[in-house]
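This report goes through a structure with the sequence alongside.

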Amino acid sequence: MRPHDSTTIDRLRAQIAALEKRPALAEDAVFSGKADDLLPVPAGMLHEVFTDEHRNSGAALGFALGAARPLLKPERPAILVMQLSADGREMGVPYGPGLKSFGIDPGAVILTRAETVTEFLWAIEEAVATTAVAAVIADIASHQHDIDFTVSRRLVLRAAATGTSVFLTRYGTGREASAAKYRWKVLPTPSGSPPFDARAPGPPRFAVTLEKGRIAGFSADWSLLMDWTADGFALVEHSREDSQPAHRAAPLSGADSAALGDRLPLAG
Amino acid sequence: MLILPRWATDCLSRADPALAARKHPFVLWEKQKGAMRLAEVDLHAASLGLFAQQNLSDARALVPELEAREIDRAYLEQVFADFADWHSNASPIVSVLMHRSAYGDLCLDITGVAHLFGGEAAMLEKLTGRLRALGYTVNGAIAGSIGAAWALARYAPGSIVEGEPDEALAPLPVAGLRLDADQVSGLEQMGLKTIGALYGRDRRALGARFGKLLVMRLDEALGQLEERLVPRLPEIERHAERRFAEPIGLIDDVLMTANDLAVRLAQQLEGEALGAQAFHLFLYRVDHKVMSLSVNAARATRDAGHIGRLFANRVERLVGEYDPGFGIDMIRLAASSLSPLASTQVGAFDAHDGNGDLDRLYDRVASRLGPLSVLRSRFVNSHIPERAVKLEPVIARMPDDPHAHAPVSAPRPIRLLPAPEPIEVSAEVPDGPPAGMTWRRVTYRFDKASGPERIAVEWWTPAEGELTRDYYVAEDRDGRRYWIFRSGLYGEAAHPRWYLHGFFA
């Protein structure tokens with residue numbers, strides 16, 4: 001490839017990106033094997049964070065907050081968490097001291113509650129249209145069908161225009177048409193144990209699959225295990241946790257019950 | 001001071017054309033202790049000798065063609081409130097005095113307003129004249145103190161007293177001092193029939209004989225004791241208004257006018273280097289009602305576009321309730337909660353800080369979803385988890401409690417349920433985590449757990465039935481982590497109950 005060819009290609013790419021209203025950078029996200037490179041992805045994108053069940057809501061919010069944290073900048077000092085009031089009563093509301101122990105400044109997280117889905121969508125769009133918001137995390141536990149393709153397309157355009165990222169946390173196994181650039185599937189996973197206490201839960205661990213969207217070097221059907229640490233997401237090395245995914249794949253296999261049986265001697 | 005002695009009957013005859021065209025006297029009656037007694041009588045009925053508190057059947061015997069209706073006090077009070085608000089087109093401070101009158105008397109503070117009407121006499125003439133033209137019986141007076149104006153409006157209508165009211169009040173009867181009937185008859189028995197007769201008397205003796213109220217009212221009337229008006233509408237510090245030759249009705253027109261007014265108000269505020277946090281839009285309807293809309297801003301502002309947008313958001317929520325009636329003939333945009341706001345220079349090298357944009361976003365969202373919908377966490381001095389943080393509106397920001405606890409190093413969940421939910425636990429070991437739980441009819445088995453973290457009752461806050469809590473972090477087979485607690489220690493409570501309080505990431 002001659003040198004001026006690559007500049008032409010870059011220029012054409014930028015033109016296409018401008019037509020599609022998204023930062024050209026998105027194609028350049030390269031996964032090098034470290035979780036830090038997978039996240040954060042460029043700002044100004046619409047992400048869907050899917051999890052299978054409502055009771056995984058803690059993991060979904062944790063993943064979205066973790067992905068949004070690097071987006072906080074002095075000129076974008078806030079993360080807006082939006083909920084429908086009814087969902088908040090059912091699934092809990094973000095809790096200040098919990099955010100602090102998760103590693104996020106509770107002062108930067110603003111909670112917005114709406115009564116109806118119309119007002120909810122209006123508030124999301126209004127927040128996305130502001131250049132001072134780092135990320136909008138919208139918890140969509142009910143009214144799944146009101147978030148259709150048109151809605152997501154509007155959000156994509158607004159987010160691209162202002163550079164505000166949007167994370168829609170959604171629940172269930174069905175997937176509808178959506179204009180979201182990235183779709184993640186996040187499941188909670190049994191955590192590793194902290195040193196010296198095998199029976200205590202360790203740092204939060206997520207099983208993350210990228211279902212939609214392209215990150216160079218990252219295959220869509222990989223399921224990664226990530227720990228949330230003080231420095232952000234960290235990949236769990238497969239060598240150490242090799243047996244873990246196998247257990248999940250065959251929950252009724254003999255290996256699993258053997259592992260259960262092993263607990264007693266461990267507990268001593 | 002405007003006094004409307006026949007307001008109830010006048011108002012009903014205006015509302016009902018059949019009554020307006022009547023030839024017969026009209027009264028309103030109400031049930032009192034089983035008897036039907038007259039409550040309000042109109043001018044015609046009064047001239048025939050009917051009076052309030054008279055038995056309805058007596059009145060009918062005296063005047064057979066009497067037109068009588070039962071009084072609806074709630075309705076009349078509401079109409080009077082609108083009626084009073086409407087008078088704020090004459091003066092911004094309107095209050096209703098409830099002394100010795102069924103619906104109240106209108107009291108307008110006209111300080112610095114009279115010149116707009118061409119002097120005090122012209123103003124009084126205009127205010128009473130326009131009410132008379134509408135069919136109301138009205139008396140008015142202007143004086144330097146509320147008490148004096150009240151007495152003059154009752155007993156010397158139309159008078160305007162400047163300076164000390166002593167002379168003007170002297171010949172008026174003592175009933176002009178807003179006293180109750182017992183006090184008035186007592187004074188009259190003693191030969192003290194006019195206010196002037198009280199002037200030289202020993203105040204202590206008067207107070208001992210007739211009650212402190214008499215001395216207080218006398219001082220108020222003479223302007224020696226300050227009496228405060230309680231304005232019906234929020235106090236207005238700066239305003240811009242527009243009157244229309246033809247009444248307008250469409251909400252879009254109203255919003256357009258509000259935008260224009262916001263520009264004018266903003267210029268006014270800019271000239272004085274002020275910003276405001278509360279804005280009120282008053283819509284004066286031709287049928288004497290006032291609709292008001294208020295919006296609040298998180299920080300003092302004078303950005304006309306922003307103010308206009310806040311009203312547009314608020315109106316969107318009100319679409320069903322908006323009712324312009326026969327039209328709106330005046331719109332006033334007012335600002336209150338003023339604070340100095342110096343103009344800022346945009347620097348070439350300043351780091352752009354998003355806080356201003358954020359506050360405007362919060363204003364917009366709060367103006368549409370309500371102020372309680374945009375919340376931040378405020379840390380409070382308490383270690384009970386649900387009390388440690390208070391969700392408070394962003395636009396009414398308060399500083400954090402300086403005594404708020406340092407962040408605990410113990411884990412706290414990322415989501416907290418609004419109220420702890422009772423769970424059934426299985427295989428509990430005293431002072432250890434349970435092996436599983438049933439929450440919302442689903443059973444979970446815990447593989448890992450840590451704890452307990454013991455949180456004792458705050459004995460200094462009175463709360464019934466609170467027990468020490470032992471909190472555990474429990475992780476189930478799929479890796480979901482829960483914050484559960486046992487309410488009560490073994491031994492402290494007979495059967496300690498377990499609750500789920502939150503979720504970890």
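## A buried glycine at the chain boundary

The model is predicted, not experimental. Gly98(A) belongs to helix α5 of chain A. Leaving aside its neighbours within four places in sequence, Gly98(A) is in contact with Arg412(B), Pro413(B), Ile414(B), Leu416(B) and Gly502(B).

## The interface between chains A and B

In the contact between the two chains, 49 residues of chain A meet 46 residues of chain B. On the side of chain A that touches chain B, at least two residues each come from α3 (57–68), α4 (85–91), β3 (93–94), α5 (96–102), β4 (109–114) and α6 (117–128). The largest share, seven residues, is supplied by α5(A). Sorted by class, this side of chain A has 26 nonpolar, 13 polar and ten charged residues.

Ser152(A) sits in helix α7 (residues 149–162) of chain A. Ser152(A) counts as buried because 20 other C-beta atoms lie within 10 Å.

The C-alpha atoms of Ser152(A) and His47(A) are 9.8 Å apart, although 105 residues separate the two along the chain.

## Chain B overall

Chain B has 15 helices and 19 strands. Of its 505 residues, 38% are buried. Among contacts in chain B between residues at least 6 apart in sequence, 54% join residues at least 24 apart.

Helix α1 (residues 7–15) of chain B is largely enclosed by the rest of the structure, because seven of its nine residues are buried. The buried residues are Trp7(B), Ala8(B), Thr9(B), Asp10(B), Cys11(B), Leu12(B) and Ser13(B). Their cover includes α2 (17–20), β2 (26–32), β3 (35–41) and α5 (73–86) of chain B. α1(B) lies across β2 and β3 of chain B and runs at about 120° to β2(B).

Those two strands belong to an open sheet of three strands in chain B, with the order β3-β2-β4 and mixed pairing. At the edges are β3 and β4 (67–70) of chain B; each has a single partner strand, so one side of each lacks a neighbour in the sheet. Neighbouring strands of this sheet are turned by 40° against each other on average, direction ignored. β2(B) and β3(B) run antiparallel and are joined by six bridges, and Lys31(B) stands opposite Met36(B) in β3(B).

Helix α12 (residues 251–271) and helix α13 (residues 304–318) of chain B pack at an angle of about 150°, with their axes 8 Å apart. Angles over 145 degrees count as roughly antiparallel, and α12(B) and α13(B) are therefore roughly antiparallel to each other. Their crossing is right-handed. From α12(B) the contact is made by Ile251(B), Leu255(B), Ala258(B), Asn259(B), Ala262(B), Val263(B) and Ala266(B), and from α13(B) by Ala304(B), Ile307(B), Gly308(B), Phe311(B), Ala312(B) and Val315(B). The residues of this contact divide into eleven nonpolar, two polar and no charged.

α13(B) also packs with helix α14 (residues 355–369) of chain B, where the axes come within 7 Å and cross at roughly 25°. α13(B) and α14(B) are therefore roughly parallel to each other, and α13(B) passes α14(B) in a right-handed crossing. The residues from α13(B) are His306(B), Arg309(B), Leu310(B), Asn313(B), Arg314(B), Glu316(B) and Arg317(B), and those from α14(B) are Arg360(B), Asp363(B), Arg364(B), Ser367(B) and Arg368(B). By class, the contact of α13(B) with α14(B) has one nonpolar, three polar and eight charged residues.

Technical notes:
Residues are numbered from 1 along each chain as its sequence is written. Chains are lettered from A and ligands numbered from 1 in the order in which they are written. This is a predicted model: local features need pLDDT of at least 70, side-chain atom pairs count only at pLDDT 80 or more; totals for chains, interfaces and linings use all residues. Two residues are in contact if their C-beta atoms, placed from the backbone, lie within 7 Å. Helices (H or I, at least four residues) and strands (E, at least two) are DSSP runs, numbered from the N terminus. Ala, Val, Leu, Ile, Met, Phe, Trp, Tyr, Cys and Pro count as nonpolar, Asp, Glu, Lys and Arg as charged, and the others, Gly among them, as polar. A residue is buried if 20 or more other C-beta atoms lie within 10 Å of its own, exposed if 12 or fewer, and partly exposed in between; C-beta atoms are placed from the backbone. Axes are lines fitted to C-alpha atoms, for helices over the stretch in contact, and angles run from 0 to 180 degrees between N-to-C directions. Angles under 35 degrees count as roughly parallel, over 145 as roughly antiparallel, 65 to 115 as roughly perpendicular and the rest as oblique. A crossing is left-handed if the near helix is turned anticlockwise from the far one by less than a right angle, and right-handed if clockwise. Two strands pair if DSSP finds at least two bridges between them.
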